[in-house]
Amino acid sequence: MSIISGLNKEFESRVRLGMMSVLMVNEWVDFTEMKNLLQVTDGNLASHSAALEKNQYIEVKKEFVGKKPRTSYKISELGKRAFQEHLNFLEKMMRQ
């Protein structure tokens with residue numbers, strides 16, 4: 001078995017790693033705030049959030065505030081567990 005076999009491939013991207021980190025400590029984060037925190041393009045954020053949503057690691061809420069659309073993200077319970085396992089394995093690797 002490889003030393004990296006315990007890492008979750010879905011969190012290899014720095015954008016996904018950043019998104020999950022932000023969502024671990026915030027209830028809901030809207031698209032604009034996440035984009036600014038991570039300093040990524042609209043398309044980049046949209047594609048990575050779609051991948052995380054597909055794996056059920058995040059929830060995506062789309063609504064209108066007044067006449068403006070707003071997209072927000074929240075980490076799911078599955079996402080919390082998977083990301084914590086990923087972090088735990090990284091820590092384990094550093095101790096070896």
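## Briefing: helix packing and aromatic pairs

Leucine 38 has a relative accessibility of 17%, so this residue counts as buried (under 20% relative accessible area, with exposed meaning over 50% and partly exposed in between, for a 1.4 Å probe and protein chains only). The model is a predicted one, in which local features need pLDDT of at least 70 and side-chain atom pairs count only at pLDDT 80 or more, while totals for chains, interfaces and linings use all residues. Residues are numbered from 1 along each chain as its sequence is written, and side-chain values use heavy atoms, leaving out hydrogens and water.

**The chain as a whole**

- The protein chain holds four helices and three strands, where helices (H or I, at least four residues) and strands (E, at least two) are DSSP runs numbered from the N terminus.
- Along the sequence, these elements follow the pattern α-β-α-α-β-β-α.
- Taken along the principal axes, the C-alpha atoms fill a box of roughly 55 × 25 × 20 Å.
- Of the 96 residues in the protein chain, 33% are buried.
- Among contacts (heavy atoms within 4.5 Å) with a separation of 6 or more, 58% come from residues 24 or more positions apart.

**Leucine 38 and its surroundings**

- Leucine 38 belongs to helix H2, which covers residues 31–38.
- Leaving aside residues up to four places away in sequence, leucine 38 touches Val15, Gly18, Met19 and Leu45.

**Helix packing**

- Two packed helices are described by the angle between their axes and the distance between the axes.
- The axes are lines fitted to C-alpha atoms, for helices over the stretch in contact, and the angles run from 0 to 180 degrees between N-to-C directions.
- H2 and H3 have axes that come within 10 Å and cross at roughly 105°, so the two are roughly perpendicular to each other (65 to 115 degrees; under 35 is roughly parallel, over 145 roughly antiparallel and the rest oblique).
- On the H2 side this contact uses Phe31, Met34, Lys35 and Leu38, and on the H3 side Asp42, Leu45 and Ala46.
- By class, the contact of H2 with H3 has five nonpolar, no polar and two charged residues, with Ala, Val, Leu, Ile, Met, Phe, Trp, Tyr, Cys and Pro counted as nonpolar, Asp, Glu, Lys and Arg as charged, and the others, Gly among them, as polar.
- Helix H1 (residues 14–24) packs against helix H3 (residues 42–54) at about 70°, with axes 10 Å apart, and the two are therefore roughly perpendicular as well.
- Val15, Arg16, Met19 and Met20 of H1 meet Asn44, Leu45, His48, Ser49, Ala51 and Leu52 of H3.
- The residues of the H1 contact with H3 are six nonpolar, three polar and one charged.

**Aromatic rings**

- The structure has two aromatic pairs, meaning rings of Phe, Tyr and Trp (its six-membered ring) with centres within 6.5 Å; planes under 30 degrees apart are stacked, over 60 edge-to-face and the rest tilted.
- Phenylalanine 11 and tyrosine 57 have ring centres 5.3 Å apart and planes at 35°, so this pair is tilted.
- Phenylalanine 11 and phenylalanine 83 pair edge-to-face, at 5.2 Å centre to centre and 85° between the planes.
- Together, ring pairs join Phe11, Tyr57 and Phe83 into a cluster.
- Phenylalanine 83 is buried, with a relative accessible area of 2%.
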